[in-house]
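Student: Please take a close look at a single part of the structure shown below, and then relate that part to the rest of the chain. I would appreciate one connected account, with the cut-offs stated for each term.

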Amino acid sequence: MSVVSWAIFFRKSRQLRRAQAQSRAFLEAFGYRRNINDYQELARLFPASPLVSLLGSAVEEWHSLQREFCNWNVELFGQLITNITEAMERANSRVTEQLESSLSFLAITTMVAPFLGLLGTVQGVLRTFLSLRGAQLPTLQLIAPGISDALVTTVMGLLVAIPAAFFYNYFVSKVKSLQTEMERFTSELTGLFRLEMYRLLTSEDKGTTKRYIDEP
């Protein structure tokens with residue numbers, strides 16, 4: 001369990017460090033983009049950022065709605081925005097599941113390892129006392145070796161559980177930080193798509209008016 005815990009630590013550290021670094025770079029670059037096609041190009045530059053999945057889902061839903069509803073109108077306005085937000089929430093759930101992968105093993109190790117060590121100690125103590133059955137005068141020299149050997153398992157259990165507890169809480173705090181960033185980005189992106197949709201509706205209205213004026 002100790003080897004697996006340390007393997008998870010190195011793998012998750014690399015994964016979350018890349019996710020945080022690329023998310024910061026992604027947000028800096030995102031502020032200069034104002035076109036949906038630019039968003040797709042931006043997503044290819046920062047593949048390790050969890051925000052990219054939200055953006056990709058939103059853009060995909062946006063294009064899907066455009067294909068589905070060629071003639072947009074004001075009545076569909078609120079419903080379409082809700083669909084885009086729900087697509088980002090689903091992506092958020094999938095990304096969070098990936099970020100939290102293997103953390104359950106650390107949580108189980110934190111709880112189970114001390115009990116396994118304690119079980120080994122109890123068994124060692126029990127064997128020590130069973131070996132003393134029939135002894136006329138048990139001495140400390142007879143008991144101490146068995147007790148000390150039995151306590152080793154408790155120490156080993158704690159040596160496994162303590163790092164696992166540290167790793168688990170450290171990664172949970174990192175994942176929560178990324179989740180907060182994703183929720184903030186979802187809200188921001190919803191506003192941008194709402195503005196983009198409003199611009200599209202406005203341009204279509206102007207086009208309709210212009211076509212109407214140009215008609216003989």
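Tutor: Val 172 counts as partly exposed, because its relative accessibility is 22%, and partly exposed denotes the range between buried (under 20% relative accessible area) and exposed (over 50%), with a 1.4 Å probe and protein chains only. This is a predicted model, in which local features need pLDDT of at least 70 and side-chain atom pairs count only at pLDDT 80 or more, whereas totals for chains, interfaces and linings use all residues. Residues are numbered from 1 along each chain as its sequence is written, and side-chain values use heavy atoms, with hydrogens and water left out.

Val 172 is found in helix α6; helices here are DSSP runs of H or I with at least four residues, strands are runs of E with at least two, and both are numbered from the N terminus. Between Val 172 and Leu 99 there are 73 residues of separation in sequence, yet their C-alpha atoms are 9.3 Å apart in space.

Further along α6 lies Leu 178, which counts as buried because its relative accessibility is 4%. Contact means heavy atoms within 4.5 Å. Apart from neighbours within four places in sequence, Leu 178 is in contact with Leu 16, Ala 19, Gln 20, Ser 23, Pro 50 and Leu 99. For Leu 178 and Gln 20, the C-alpha distance is 7.2 Å, although 158 residues separate them in sequence.

With a relative accessible area of 18%, Gln 20 is buried. When residues up to four places away in sequence are not counted, Gln 20 touches Lys 174, Ser 177 and Leu 178. Helix α1 also holds Ser 5, a buried residue with a relative accessible area of 2%. With the same exclusion of residues up to four places away in sequence, Ser 5 touches Phe 105, Leu 106, Thr 109, Ala 164 and Phe 167.

Helix α6 also carries a charged pair. Glu 181 forms a salt bridge with Arg 184, and their closest N and O atoms are 3.2 Å apart; the term requires a side-chain nitrogen of Lys or Arg within 4 Å of a carboxyl oxygen of Asp or Glu. Because the two residues are three apart in helix α6, about one helical turn separates Glu 181 from Arg 184. Glu 181 is partly exposed at 24% relative accessibility, and Arg 184 is partly exposed at 48%. The structure holds one salt bridge.

Phe 185 leads from this pair to the core. Neighbours within four places in sequence aside, Phe 185 is in contact with Phe 26, Leu 27, Phe 30, Leu 51, Leu 54 and Leu 55. A nonpolar core is a set of buried Ala, Val, Leu, Ile, Met, Phe, Trp, Tyr and Cys residues joined through side-chain atoms within 4.5 Å. The largest such core has 38 residues, and Phe 26, Phe 30, Leu 55, Ile 84, Phe 185, Leu 189 and Phe 193 have the most contacts inside it. Two or more residues each come from α1 (2–30), α2 (36–45), α3 (50–68), α4 (77–99), α5 (103–131) and α6 (140–214). The greatest contribution to this core is that of α6, at 10 residues. In soluble globular proteins, nonpolar side chains tend to be buried together.

The chain as a whole gives the setting. The protein chain has six helices and zero strands. Of its 216 residues, 33% count as buried. Among contacts with a separation of 6 or more, 81% join residues 24 or more positions apart.
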